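Could you walk me through this model, one piece at a time?

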There are 2 protein chains.
Amino acid sequence: MCKSLIFEVQNVNQTIFIHYIRVKRITIKDIARDLKIHHSTVSRALRGSSTVSFDTRKKVNEYAREIGYQVNMNALQLRGSLKNMIAIVVPNIYHNFFSNVVSLVADLAFRKGFVVSIFQSNESYLQEKEIVQMLIRNNVAGVVASVSMETQDSGHLRALSKYRIPLVLFDRVCPDLEVTKVMVNNQEVVASATEILIERGYRHIAHISGPSHINVFGDRQAGYLSALKKHGLDYQRIVRIESGFTIDQGKETAASLFMEKTRPDALLCDSHLLSLGAIFKIRELQLKIPEDVGIVGFGDNPYIDSFNPGMISIVQPDALIASTVFELIFKRIENFDAAISETKMLPASIIEK
Amino acid sequence: MCKSLIFEVQNVNQTIFIHYIRVKRITIKDIARDLKIHHSTVSRALRGSSTVSFDTRKKVNEYAREIGYQVNMNALQLRGSLKNMIAIVVPNIYHNFFSNVVSLVADLAFRKGFVVSIFQSNESYLQEKEIVQMLIRNNVAGVVASVSMETQDSGHLRALSKYRIPLVLFDRVCPDLEVTKVMVNNQEVVASATEILIERGYRHIAHISGPSHINVFGDRQAGYLSALKKHGLDYQRIVRIESGFTIDQGKETAASLFMEKTRPDALLCDSHLLSLGAIFKIRELQLKIPEDVGIVGFGDNPYIDSFNPGMISIVQPDALIASTVFELIFKRIENFDAAISETKMLPASIIEK
DNA sequence: CAAATTATTGCACACGTGTGCAAATCCCTT
DNA sequence: AAGGGATTTGCACACGTGTGCAATAATTTG
C-alpha cells in the first residue's frame with residue numbers, strides 16, 4: 001500500500017534525501033468502477049456538462065461527495081498546464097512590512113480563487129534562486145517577489161519569463177530587469193524626512209542603510225545625500241549593512257556611530273528593527289530622544305508609535321502596495337504580455353511626533 | 001501559443017472564475033528530439049543513472065542546463081504521487097508567535113529539501129476548510145496546522161487521513177481529533193502567572209481569553225480559575241473574544257472592564273495584541289502599570305519587553321515548538337503511522353519585570 | 001414502424017515523467 | 001570470425017484527467 005522510495009537531490013549547499021511516498025488516492029476511475037460507467041462520463045458529470053444526463057450527473061456528484069473525492073490538481077495541471085497558484089517570495093515574514101503586504105495580497109488572491117503560497121528567501125540569493133527554480137518546476141500561475149539583499153544577478157528571475165510565468169516585483173526590485181514593478185518613492189520621502197531633521201536643527205545626520213545596489217537602499221541614500229547637499233551640510237555618513245536587518249545590528253551600529261570622532265546627533269534608519277535597536281542603545285547611553293538624538297525609522301509596526309519613543313516614522317502604504325501588486329499580477333496572469341515593464345510608484349508618508 | 005480557458009469553480013461563498021493558462025514548456029522530449037535520442041534515455045541521464053553511457057549523460061546534462069530545463073513536478077507527482085511540499089496553515093502571520101514558528105519550521109523543512117507553503121485561515125473555519133481541501137487536491141506531503149478560532153468541527157482535518165496525508169497540529173488543536181499534537185502547558189503556566197499576580201497583591205484579576213472550545217483558551221481559563229480557587233478569591237471574570245485578537249479589541253475590552261461595578265486591578269491577556277491594546281487604554285486612563293493595574297500578556301514580541309511597560313510576560317518556546325513540529329511531521333511523512341496520536345507538551349516560561 | 005434526429009455514453013489519446021523489459025550495440029575472448 | 005557477456009538504448013506503459021470523436025441508446029418525426 002505504501003511504498004517509499006528515496007531520491008537524491010542537489011540542494012542549496014548539500015546533498016539531501018527527499019522521501020517520496022507513494023499512496024493511492026480516490027480517483028474518478030474509482031467512481032466509474034463503482035457506478036459501472038466510464039471515467040470520462042464521471043469527469044463530465046463532475047464538471048457539470050449538460051451532455052451527461054441529469055440522473056447520472058446527480059448520482060456521480062452525490063457519490064463523489066459521499067466518498068470524499070477531491071480532484072487531483074497534478075493531473076489537471078499536467079494535462080493543460082493549468083495553473084491556479086500564486087507564489088509570493090519575500091526576504092522574511094517577521095518584518096511587519098512584509099507580513100502585512102503578504103497577508104493582504106494573499107487575501108485578495110484567495111478571494112479570486114487562487115491558492116497563495118508564501119516563501120522566504122532569508123535574504124539569501126541562493127535560497128531565492130532555489131525557490132524560483134522550484135516554482136518553475138511546480139508550474140505556478142504567477143510570482144510576486146521582493147528580492148533578497150544579496151541579489152545582484154537576475155538570471156533566476158529571467159528564467160520565469162522563459163516559462164512565461166508572470167512576475168511582479170515590489171519594494172525591492174532588480175533595476176536591470178524589465179518587469180512589472182511596484183515601488184515606493186523612497187528617494188523623495190527620505191529626502192523629506194532628512195529635511196525635517198535638518199529643519200529641527202540636527203546637523204550630524206547618519207544614515208543606516210542597506211546595500212546600494214538594491215533600489216530601495218540606493219534610492220534612500222540618494223535622497224539622504226540630496227537633502228544634505230541642498231542644505232549645504234558637510235557631515236555625511238552612510239553605514240551599509242549587507243545582511244538582514246535585526247535589532248542587534250541596530251544596537252551595534254548605533255553604538256559604533258556614537259564612538260566616532262564626530263558623533264551623529266540624528267539617525268536615519270532604513271528598517272524598523274534597526275531603529276528599535278538604535279533606540280535601545282540610545283536609552284542605554286542615557287540619551288534622550290528627540291532632545292539629544294533625532295531618529296527617523298520605517299514605521300512598519302503599527303503599534304510601536306503608541307509607545308511614543310519620540311521618533312519620526314516613514315510609513316509605507318501597505319494596503320495600497322498589496323492591492324496594486326495583486327491587480328498587476330492578476331492582469332498579467334490573464335495576459336502575460338499585459339502591463340509588462342509597467343512601473344507603479346506609490347507614495348510613502350511621514351508621521352512626525 | 002497561449003490559449004486561455006475559463007473555468008467555473010465553487011469557492012468559499014461565491015462563484016468565481018479561475019483563468020487557466022495553457023503554455024508549452026521545455027520537456028525532456030524537447031531534449032530528446034534535439035539530441036536525437038529517446039526521452040527515456042534523457043530521463044535516466046538527468047537522474048544520473050549509470051546505465052546511461054558517460055558521454056550521453058554529459059551531453060544531456062549540459063544541454064539541459066543550456067536551455068534551462070526544469071523538471072515538471074506535476075508529472076513527477078502524478079506518476080508516483082510523489083510529494084515534496086509541506087503546508088503550514090495558521091490563523092494569520094501577523095501575530096509574531098505564528099510568524100516565528102512558521103519561519104522556523106519553514107527553514108528546517110527547506111534544509112531537508114521540502115518546499116514549504118504557508119497559508120492563512122484568517123480565523124475563519126470556512127477558509128480553513130477550503131485550504132485543507134485544496135491541499136488534498138494538490139497532493140501535499142504533509143500538513144502542519146494551528147486551527148482557527150471558529151473551528152469546532154474537525155471533519156476537514158479528518159479528510160487528510162483518508163488521503164493518508166500526515167497532519168501535525170500545534171498550539172491550537174482539535175481535542176476530538178486523534179492526531180500528532182504539539183502543545184504548550186497553558187493551564188499550568190497561566191495558573192502560575194495568576195498566582196504571581198495574587199502574590200503581588202492583586203485581588204480582582206480579569207481574564208481576556210478566547211472561545212473555550214479551543215484547547216489553548218479552555219486550558220488557560222482552567223488555569224486561571226484553579227489559581228483563584230486555590231487562593232480562595234471570589235472575584236472571577238472571563239471575557240471570551242470569539243473572533244481574531246486585535247489591539248483595538250484589547251482597548252475596548254479593557255475599557256468595558258474598567259466600567260464594571262467591580263473594577264479589575266489586573267488583566268490576564270491571552271494574546272500579545274490584546275495586552276498591548278489594554279496597556280494603551282490603561283495609559284489613556286492615566287493609570288500606572290504595575291502600581292494601579294497588573295498586566296500579564298503573552299510576550300510573543302521579542303522586543304516589546306524592552307519598552308518595559310511593566311508587564312509580566314508568558315513566553316512560549318517558539319524555537320522548541322518549531323523543531324518539535326518539524327521532527328514529528330518529518331517522521332510521519334516517512335511513515336504515516338509513526339507518532340500518530342503522539343502528544344508533546346512543551347513548557348512556557350514567565351518573565352517577571 | 002422505420003427513419004431521422006437527438007441525447008447519452010464509451011473509446012482513445014494527450015499531458016511529462018520514470019522504469020521494467022527487450023532489443024540493439026559494443027567489446028572481449030577463444 | 002563467431003560466440004558470449006556487458007553495456008547502452010529504445011519501446012511501451014502507467015499515473016489522473018479532460019475532450020474530440022465515434023458509437024450507442026433514446027426520442028421524435030413523417
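Let's begin with a single ring. A:F170 counts as buried, with 1% relative accessibility; "buried" means under 20% relative accessible area, "exposed" means over 50%, and "partly exposed" is in between, using a 1.4 Å probe and protein chains only. Before going on, a word on the ground rules: this is a predicted model, where local features need pLDDT of at least 70, side-chain atom pairs count only at pLDDT 80 or more, and totals for chains, interfaces and linings use all residues. Residues are numbered from 1 along each chain as its sequence is written, chains are lettered from A and ligands numbered from 1 in the order in which they are written, and side-chain values use heavy atoms, with hydrogens and water left out.

Now for a second pair, this time in chain B. B:F217 and B:F245 sit edge-to-face, with 5.5 Å centre to centre and 90° between the planes. What makes it a pair? Rings of Phe, Tyr and Trp (its six-membered ring) pair if their centres lie within 6.5 Å, and planes under 30 degrees apart count as stacked, over 60 as edge-to-face and the rest as tilted. This pair links distant parts of the chain: B:F217 is in helix α9 (residues 215-230) of chain B, while B:F245 is in the loop between β9 (237-240) and α10 (247-259) of chain B, 28 residues apart. Those labels come from DSSP runs numbered from the N terminus: helices are H or I with at least four residues, and strands are E with at least two. B:F217 counts as buried at 2% relative accessibility, and B:F245 does too, at 5%.

Back in chain A, ring pairs link A:F97, A:F98 and A:F170 into a cluster. Rings can also have a charge over them, which here requires NZ of Lys or CZ of Arg within 6 Å of the ring centre and within 35 degrees of the ring normal. A:R220 lies over the face of A:F298, 3.7 Å from the ring centre. Likewise, the charged end of A:R332 is over the ring of A:F336, 4.8 Å from its centre.

Next, follow α10(B). This helix has 13 residues and reaches 19 Å from its first C-alpha to its last, close to the 18 Å expected at 1.5 Å a residue; the expected span is 1.5 Å times one less than the number of residues. Which of its residues are buried? They are B:I247, B:Q249, B:G250, B:T253, B:A254, B:L257 and B:F258. They cover an arc of only 160° around the axis, so they are on the same side of α10(B); the arc is that of the directions from the helix axis to the C-beta atoms. The face turned away from that buried side carries the exposed residues B:E252 and B:M259. On the buried side, the residues pack against β8 (205-209), β9, β10 (266-269) and α11 (272-284) of chain B, where contact means heavy atoms within 4.5 Å.

Finally, look at the backbone. Most residues other than glycine have a negative phi, and most peptide bonds are trans. A cis peptide bond joins B:I289 and B:P290, with omega about 5°, and B:P290 is in the loop between α11 and β11 (294-298) of chain B. B:N139 has a positive phi near 60°. You'll find B:N139 in the loop between α6 (125-137) and β5 (142-145) of chain B, and it counts as buried at 4% relative accessibility.
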